[in-house]
Amino acid sequence: NTHVYPHLKDGRADGEVSNFTMCPAYSSGDPNGVYCDNGDGQITHVVLRGMGLRGTLPTLLGRMSAIVDFDVSRNDIGGTIPTVLGAWASIIYFYVYNNALSGTLP
């Protein structure tokens, strides 16, 4: 979806800079999008709140080892939070409220 991920080349979000044609750095207050650390190109911020997203959180998200801010609040995401997200050592902000998620935090 070019409106949600305008800077993704092939639609993948696995933290590899090679998948991006241009991945901007994040500044506080930036709009929805996927942002990277310009030092190494890894995904650091996923901000997709209120986008009408449906489905489940894929385990592939666990590959984003530099993630600091993950906000998919106010969507229609269901299922459980994948246990692999418990390995996110750098996470500071984790917003998943107002979805249809169940279970416990990993």
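**Strands, sheets and one serine**

Modeller: Start with S4 and S6: these strands run parallel and are joined by three bridges. Keep in mind that this is a predicted model.

Biologist: What makes S4 and S6 a pair?

Modeller: The count of bridges. Pairing needs at least two bridges between the strands. S4 and S6 have three, so they are a pair. Within it, Asp69 stands opposite Tyr93 in S6.

Biologist: Which sheet holds S4 and S6?

Modeller: An open sheet of four strands, in the order S1-S2-S4-S6. Its pairing is mixed. Strand S1 (33-36) and strand S6 (93-95) are the edge strands. From one strand to the next, the twist averages 15°.

Biologist: Why are S1 and S6 called edge strands?

Modeller: Each pairs on one side only.

Biologist: What is the order of the three-strand sheet?

Modeller: That open sheet runs S3-S5-S7, with parallel pairing. Strand S3 (54-56) and strand S7 (100-102) are its edges, each pairing on one side only. Here the twist averages 15° from one strand to the next.

Biologist: How do you know that S3 and S5 pair?

Modeller: They share three bridges, in the parallel sense. The cut-off is at least two, so S3 and S5 count as paired. Thr56 stands opposite Gly78 in S5.

Biologist: How many helices and strands does the protein have?

Modeller: Zero helices and seven strands. From the N terminus on, the elements read β-β-β-β-β-β-β.

Biologist: Now a single residue. Where does Ser73 lie?

Modeller: Ser73 sits in the loop between strand S4 (69-71) and strand S5 (76-80).

Biologist: Why is Ser73 called buried?

Modeller: Its relative accessibility is 0%. Buried means under 20%, so Ser73 qualifies. Across the protein, 37% of the 106 residues count as buried.

Biologist: Which residues does Ser73 touch, leaving out those up to four places away in sequence?

Modeller: Leu48, Arg49, Gly50, Tyr95, Val96, Tyr97 and Asn99.

Biologist: What makes the link between Ser73 and Asp71 a polar contact?

Modeller: The distance between their side chains is 2.6 Å. The limit is within 3.5 Å for a pair of N or O atoms, one able to donate a hydrogen and the other to accept it. The Ser73 and Asp71 side chains therefore make a polar contact.

Notes. Residues are numbered from 1 along each chain as its sequence is written. This is a predicted model: local features need pLDDT of at least 70, side-chain atom pairs count only at pLDDT 80 or more; totals for chains, interfaces and linings use all residues. Side-chain values use heavy atoms; hydrogens and water are left out. Buried means under 20% relative accessible area, exposed over 50%, partly exposed in between (1.4 Å probe, protein chains only). Contact means heavy atoms within 4.5 Å. Axes are lines fitted to C-alpha atoms, for helices over the stretch in contact, and angles run from 0 to 180 degrees between N-to-C directions.
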